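Subject: Structure handover

Hello,

Please find the structure we spoke about below. My notes come after it.

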Amino acid sequence: MASPPYVLRVETTARNHKRSRTKFTKDQLKILMKAFNQKPYPGYATKQKLALEINTEDSRIQIWFQNRRARHQVQTRSEPEKDLEASQDQDDPEEKIHSREDRQCHTSYTPSQLHTLITAFTNNPYPGIDSREQLAKEIGVPESRVQIWFQNQRSRFHVQKNRELDGPLEQKQDQEQNL
C-alpha cells in the first residue's frame with residue numbers, strides 16, 4: 001500500500017516505535033490556518049469535516065490544532081506586536097508558521113544519566129521541583145530537560161501499559177467471535 005503524499009515516513013526500531021511525522025502541503029495548511037483563525041478550539045464535527053477536506057485522519061487534525069494553539073500562545077507572549085500584525089493579515093498563513101529551527105535542540109543522555117533518571121522514575125514517576133532540581137544537578141542538565149524527560153517517560157509508560165491491557169482484551173474478543 002502506497003503512503004499518501006502528505007505523510008513523511010520516519011525509520012523506527014521495534015523498541016522506539018513512533019508515529020510518522022505528518023507533513024501537510026501548503027494548501028492543507030491554508031485550510032487549517034483559516035479554520036484556526038475562525039475557531040482555535042474546533043468541535044468534533046469540525047475536525048471530522050477538516051479531515052475529509054484535506055484527506056487525513058481526524059487525530060492528526062486534533063494534534064495540529066493543539067500544536068498551533070501552543071505556538072500561538074508562545075507568539076502572543078513573546079511578540080505581541082508581531083502577533084497583532086499577523087492577526088490583521090490573515091490572507092497569508094505561511095508567514096505565521098514557525099520553522100523547526102525555532103525549537104530547542106533534542107537532548108541526548110548518556111547511559112549513566114539514563115540509569116539515574118530511570119531509577120528515579122521507578123521510585124517516583126511524579127517528582128517535585130526539589131527532586132527534579134537535585135536530579136538535574138546530579139546528571140548535569142537543566143531542570144526543564146529533566147521535567148520534560150519525566151513527562152515523556154510517563155507518556156510512554158501509559159502507552160505501553162494500555163498496549164499490554166489491550167492485547168489480552170483483543171485475544172478474548174477473537175475467542176468470543178470464534179465461538
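Predicted model: local features only at pLDDT ≥ 70, side-chain atom pairs only at ≥ 80, totals over all residues.

Residues are numbered from 1 along each chain as its sequence is written, and side-chain values use heavy atoms, with hydrogens and water left out.

Overall make-up

The chain has seven helices and two strands. Here helices (H or I, at least four residues) and strands (E, at least two) are DSSP runs, numbered from the N terminus. In sequence order the pattern is β-β-α-α-α-α-α-α-α. The chain has 179 residues, of which 26% count as buried. Buried means under 20% relative accessible area, exposed means over 50%, and partly exposed is in between, with a 1.4 Å probe and protein chains only. Of the contacts (heavy atoms within 4.5 Å) between residues at least 6 apart in sequence, 52% join residues at least 24 apart.

Two helix pairs

The axes of helix 1 and helix 2 come within 10 Å and cross at roughly 160°. Axes are lines fitted to C-alpha atoms, for helices over the stretch in contact, and angles run from 0 to 180 degrees between N-to-C directions. The crossing of helix 1 past helix 2 is right-handed. A crossing is right-handed if the near helix is turned clockwise from the far one by less than a right angle, and left-handed if anticlockwise. On the helix 1 side, Q28, I31, L32 and A35 meet L50, E53 and I54 of helix 2.

Helix 5 and helix 6 (residues 129–139) pack with their axes 10 Å apart, at an angle of about 160°. That makes helix 5 roughly antiparallel to helix 6. Helix 5 also passes helix 6 in a right-handed crossing. The residues that meet are Q113, T116, L117 and A120 from helix 5, and L135, E138 and I139 from helix 6.

Aromatic rings

A pair of aromatic rings is described by the distance of the centres and the angle of the planes. Seven aromatic pairs turn up in a search of the whole structure. Rings of Phe, Tyr and Trp (its six-membered ring) pair if their centres lie within 6.5 Å; planes under 30 degrees apart count as stacked, over 60 as edge-to-face and the rest as tilted.

One of the pairs is F36 with F65, which is tilted, at 6.1 Å centre to centre and 40° between the planes. F36 is in helix 1 (residues 26–38) and F65 is in helix 3 (residues 58–78), 29 residues apart, and the pair links these distant parts of the chain. F36 and F65 are both buried.

F121 and W149 have ring centres 6.2 Å apart and planes at 90°, so this pair is edge-to-face. Because F121 lies in helix 5 (residues 111–123) and W149 in helix 7 (residues 143–178), the pair ties together parts that are 28 residues apart in sequence.

Single residues

I139, in helix 6, is buried, with a relative accessible area of 10%. Not counting residues up to four places away in sequence, I139 touches Y109, Q113, T116, L117 and V146.

V141 is in the loop between helix 6 and helix 7 and counts as buried at 15% relative accessibility. Leaving aside neighbours within four places in sequence, V141 is in contact with Y109, Q113, A136 and V146. The C-alpha atoms of V141 and Q113 are separated by 9.4 Å.

N55 sits in the loop between helix 2 (44–54) and helix 3. N55 is not a glycine, yet has a positive phi of about 60°. N55 is exposed, with a relative accessible area of 51%.

Regards

Technical notes
Parallel < 35°, antiparallel > 145°, perpendicular 65-115°, else oblique.
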